Every structure is written in C-alpha cells, then in structure tokens.
Amino acid sequence: MLSLAVCRGMAQTNTNYLATDRDVYVSGEEVLLTAFLDSGLDFKVLCVALSGEDGQLIHSVNLKIEEHCANGHIYLPDSLRTGSYLLTAFSPNFRKQAIGNREILVVNRFESADEDFPLRRAALPACESLQSAAYRLVGLRNEYRFGETGEVQIQGDEAANRHFAIVVSRCLPGWEEHCLPVQPDLESNEMLTRKEGVVIQGLVKDSGTGEAVSGATVFLSIPDSIPYFDYYKTWDDGRFYFLLPQMYGQKSVVVQAKKEDNEEELKVVLDEFVDSSKLTFQNQYLSLGAAERNYLADAVKLVTFQKVFETETLQKQTVAIDLVYPYPFYGKPEMTVDPDEFFELEDFNAISKELLQAVRFRERKEGYELTMVDYDVKAFLTGQPMILVDGVPVDDLSRIAPLGSKEIDWIDVVPYQRFYGNLKMDGVLAIYTKKGDLAILPASPSVLKTEVESLQQPVSLAVPKSKEAHVPDFRQVLYWNPDVAISDSLQISFRIPDVKGTYRMQLIERRDDGQLFERTEYFTVSE
C-alpha cells in the first residue's frame with residue numbers, strides 16, 4: 001500500500017482551473033484538456049484557444065460544460081516552432097473575457113533540441129498549489145517494466161462526494177508549470193448566458209464610412225441536407241447574435257447582411273473572442289541538462305514513430321442528438337424534383353419550364369424574374385420567393401440561371417406564403433447542387449463565408465487492447481479519465497508502454513462545495 005504524501009499547498013475554493021495531461025509537447029500531438037469552473041459562472045460552453053507569443057490565435061475548440069466541468073482536446077499543428085504557447089479558457093458567450101491561462105512548451109519535431117536555446121515564456125506565475133485530500137492509492141509501485149500492468153485502487157472517505165480528473169502520463173521532472181486562474185468581471189449578453197451552444201456574434205457596418213448599421217437583416221446559413229437558417233435584426237449598435245444549439249464539429253457558415261434603404265455596401269465582421277495580447281512574454285534562456293535533452297529528443301522520436309505507424313491516440317464518442325426539425329426551416333416541400341430522373345436540361349430556364357409547374361422563370365431586359373403560383377388560391381404570389389442554393393439565400397437570379405441538370409442534385413418547391421418568425425416568404429425555391437461548394441455566392445463584404453467550430457465531439461483515450469509484437473508501444477499518456485465520480489473507491493488499470501522515463505499519476509478533485517484538491521505521485525519505467 002502506498003499512501004500519498006501532501007504534494008500541494010493551499011486549497012482553492014470556487015475558482016477556475018485549466019489542467020493539461022502534460023506540460024511539454026511535440027508539434028503534431030493532441031493536448032488533453034480538463035477545466036474546473038467556478039460554481040458562480042453559470043454558462044454552458046467553454047472555449048479553449050491556442051495562441052503564440054505574438055498574441056495571434058492559432059485555433060480554438062468549444063467544450064460542453066456539465067456540472068461546472070469541461071474536457072476535450074486541442075491539436076498542436078506541425079508548423080509550430082519550438083517555444084512557449086498559451087492555452088486561454090473563456091466563455092464564447094462573453095466577449096474577450098479570459099477565465100484562465102496555462103502555458104505549455106512545444107518542441108517542433110523537425111528542429112533540433114540538442115543544445116540550449118532561448119525561450120520566450122509568458123509572464124505568468126507558477127501554478128497556484130492545490131491542497132492534498134485524505135485518500136490513498138493502493139497498489140501503485142515506484143517502478144515498472146515494459147509491458148506490465150499497473151493496478152491502482154483509489155480509496156477515500158465514504159461520506160465524501162467527489163468528481164475526479166485522473167491522468168497517468170510521462171513527464172519532464174523539474175519543469176515548472178505556469179498558469180493564471182482569473183476571476184473576471186464578465187460583460188455578458190443576457191439572452192445567451194445560460195444557453196447550451198456556440199454563439200456567433202459580430203457587427204454590420206457601412207463598408208465606406210465604417211459606421212455601425214442599425215436595422216440591417218443578417219442571415220445565418222449552415223449548408224446541409226437539412227440546412228440550418230436563422231436571421232437577426234441589428235440594433236443601434238449594429239451588432240448581431242446567433243446561437244448554434246446541438247451542433248458538433250466544424251461547420252461551414254455563411255453570414256449575409258442586407259438593408260433595403262442602404263445604398264452603400266454593407267460589411268459583416270465577426271468578433272474575435274481571444275484577446276491574449278494583454279499577456280506579455282519575457283526572455284528566458286532555457287538551459288538544458290542531459291536529462292532534459294534526452295527527454296525532448298525521445299519525445300520527438302516517439303511522436304515521429306506514432307505518425308509512421310499511424311497510431312490513433314483518441315477515439316470519438318457517439319453523441320445522441322435529438323432531431324428537432326425533420327424538415328428544413330421552410331417546412332415540408334410540396335414538390336421535390338430530381339433533374340437526373342428526366343432528360344438533360346442545360347439551364348434553369350429549361351428546368352423551370354419542363355419540371356417546375358409552380359415556378360415561372362423568365363429573362364427580361366432589366367434582368368431575370370422569378371414568380372411562383374400559390375396552390376391554394378391558384379394565383380401568382382405578389383413578391384419574389386426566397387431563393388436558396390444549398391441552404392443559403394441568393395438574391396441575384398443571374399447566379400442560378402446557368403444551373404442545369406449537370407449541376408443540380410434536387411429542388412424543393414414550397415408554393416405557399418410562409419413566415420419564419422417575422423420573416424415573410426412568398427414561396428420558397430430551394431436548389432441543392434451536386435458539388436455543394438457555394439461557388440455561386442458573390443464576392444462581397446456583405447457576404448462572409450467561414451468555418452466555425454461548434455461543440456467538440458467528446459473523445460476518450462485510445463488504448464490498444466493487446467500488445468502486438470511487431471508494433472512498439474510508444475504511448476506517453478497511459479490513462480485519462482477527465483470526469484469520474486468516486487464515493488469510496490475506484491479501481492483503475494493501465495498498461496506500461498515501451499518507453500523509459502519518469503511518469504506521474506495526477507488526480508484533481510472537485511467537491512460539491514467548489515473546492516479543488518490535487519494528488520500527484522511519480523514512478524519510473526525501465527526495460
């Protein structure tokens with residue numbers, strides 16, 4: 001039996017804490033994240049952003065918060081130079097308000113670390129200590145050999161209700177962690193504070209004067225087989241807000257702005273949430289001893305071999321999503337037409353004449369005209385229908401004119417007057433193309449096409465079930481469970497890899513009252 005000694009100092013109560021599986025990484029790796037949030041912060045999504053010493057955002061992920069905890073991962077691109085990088089946690093429903101920062105060291109696997117090198121480190125303090133709690137690790141040994149299995153039982157007080165994040169990983173002894181929990185004065189959007197989902201917000205302004213434009217209609221579209229659509233009317237400040245509920249992964253998003261009485265062209269600008277420019281960096285000459293050089297050199301080799309053998313480090317978990325809308329926002333279509341079921345038609349004028357009985361598409365001297373027959377009253381609707389291409393509104397009819405059987409996958413027709421909120425639609429014509437690349441969209445400041453990270457799909461650590469003799473086991477993370485409840489005891493096991501060095505077993509505990517505690521114990525691995 002091994003009882004844990006006190007490794008940390010004071011307890012933290014109701015604070016924010018961002019933890020990683022390690023502190024030193026190689027470019028091309030994934031950083032495993034666990035965040036514990038102040039119980040007074042009542043929001044549902046946490047964004048973690050990676051940025052460099054210039055304060056520029058590299059990329060970010062959005063993590064779902066449950067029981068004031070969040071977990072996930074963030075990728076370190078191969079292009080990252082050797083140096084110090086910042087992980088900044090904040091709520092995407094609050095603008096530019098960090099709630100915690102953590103520094104990590106990244107070594108580029110294509111650069112040599114054989115000699116000492118200057119390193120600019122973020123001006124963050126050493127991580128504040130957490131208090132050790134009264135529980136024990138039973139069965140954890142001081143030393144293991146390749147291929148063995150570690151069996152550890154975590155024993156605690158039966159009366160206590162605890163939530164743990166547990167990680168067992170290779171570490172660099174002596175590396176000082178730098179982080180900064182923050183208690184921000186959050187300026188929130190009251191409508192979005194407690195919502196579950198990722199917020200897209202920004203500004204509509206006059207592209208000539210740069211002034212905010214009020215009363216503009218902003219369309220948000222996410223192309224898909226069942227496209228997502230929403231709209232917003234800007235207020236005096238020209239701002240708009242959208243919420244993307246129950247969406248996971250990267251999404252192609254189109255944001256458009258229009259205003260009938262505005263003759264000047266509008267410009268759509270999305271908010272950049274990360275503001276790490278306020279954090280300063282300072283020069284620090286990192287002197288590498290033999291142990292540090294060997295650790296970094298081995299880490300580079302391990303990651304390189306994993307890339308060669310295409311080793312999966314993470315497994316995506318299935319997420320159950322309720323299908324709230326079985327049809328697109330415009331409702332069940334009266335008619336769906338697949339042009340490939342008929343003889344080939346070269347353009348949309350021919351398609352409308354031959355296949356779309358409710359649609360009249362004509363070319364006039366002043367441009368194209370499209371009207372639709374209302375099936376209920378057997379008369380033409382007075383206004384122009386809403387035209388959608390791959391779920392995105394299109395006003396310029398000349399852009400759909402060249403589309404024929406070769407380009408169009410299918411067409412939905414809704415020959416009725418429809419309302420979506422206060423948005424009136426005199427019928428809907430929805431064209432879905434075979435390529436779906438949105439090439440039809442105009443190049444305009446009022447139309448913004450971008451990629452947005454919605455909620456990250458949950459993952460678990462990929463652990464091989466059995467040791468294959470011809471494949472070396474070069475894992476550096478042996479166990480990771482970012483959210484486990486323990487009442488009295490928990491049994492965990494992990495297989496020892498074929499990698500020598502020092503490893504740590506770290507447990508971070510969050511109790512119901514918000515207090516955070518930590519236990520860290522070290523062991524070595526040899527052949």
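**Terms and their cut-offs**

Author: Gladly! Let's start with F305, which lies in helix α1 (residues 290–308). Helices (H or I, at least four residues) and strands (E, at least two) are DSSP runs, numbered from the N terminus. Please keep in mind that this is a predicted model: local features need pLDDT of at least 70, side-chain atom pairs count only at pLDDT 80 or more, and totals for chains, interfaces and linings use all residues. Residues are numbered from 1 along each chain as its sequence is written, and side-chain values use heavy atoms, with hydrogens and water left out.

Reader: Why is F305 called partly exposed?

Author: Buried means under 20% relative accessible area, exposed over 50%, and partly exposed in between (1.4 Å probe, protein chains only). F305 has 40% relative accessibility, so it counts as partly exposed.

Reader: What makes F305, V308 and F309 a nonpolar patch?

Author: Patches are made of residues with over 30% relative accessible area and no salt bridge; nonpolar side chains (Val, Leu, Ile, Met, Phe, Trp, Tyr) are joined within 5 Å, like charges within 9 Å. A salt bridge here is a side-chain nitrogen of Lys or Arg within 4 Å of a carboxyl oxygen of Asp or Glu. F305, V308 and F309 form such a patch on the surface, with about 290 Å² of accessible area together. That area comes from the Shrake-Rupley method with a 1.4 Å probe; for residues, only the protein chains shown count as cover.

Reader: How do you know that β14 and β36 pair?

Author: Two strands pair if DSSP finds at least two bridges between them. Strand β14 (residues 162–170) and β36 are linked by nine bridges in the antiparallel sense, and V168 has M505 in β36 as its bridge partner. On to β37 (residues 515–526): β36 pairs with this strand, also in the antiparallel sense, over ten bridges. There M505 stands opposite E521. Three residues separate β36 and β37 in their hairpin, and G514 in the turn has a positive phi of about 95 degrees.

Reader: Why is β36 described as mostly covered?

Author: Eight of the eleven residues of β36 (residues 501–511) are buried.

Reader: What makes β25 and β27 edge strands?

Author: The open sheet has three strands in the order β25-β26-β27, with antiparallel pairing. β25 (359–364) and β27 (379–380) each have a single partner strand, so one side of each is left without a neighbour in the sheet. Between β25 and β26 (residues 367–374) there are six bridges, and R360 stands opposite T371 in β26.

Reader: How do you know that the buried residues of α2 line one face?

Author: In α2 (residues 348–355), the residues F348, I351, S352 and L355 are buried. Seen down the axis, they fall within an arc of 105 degrees, so they line one face of the helix. The arc is that of the directions from the helix axis to the C-beta atoms. The face turned away from the buried side carries the exposed residues K353 and E354.

Reader: K378 and L438: buried or exposed?

Author: K378, in the loop between β26 and β27, has a relative accessible area of 66% and is therefore exposed. L438, in the loop between β31 (423–433) and β32 (447–453), has 8% and is therefore buried. K378 has a positive phi of about 55 degrees although it is not a glycine; for L438, not a glycine either, the positive phi is about 60 degrees.
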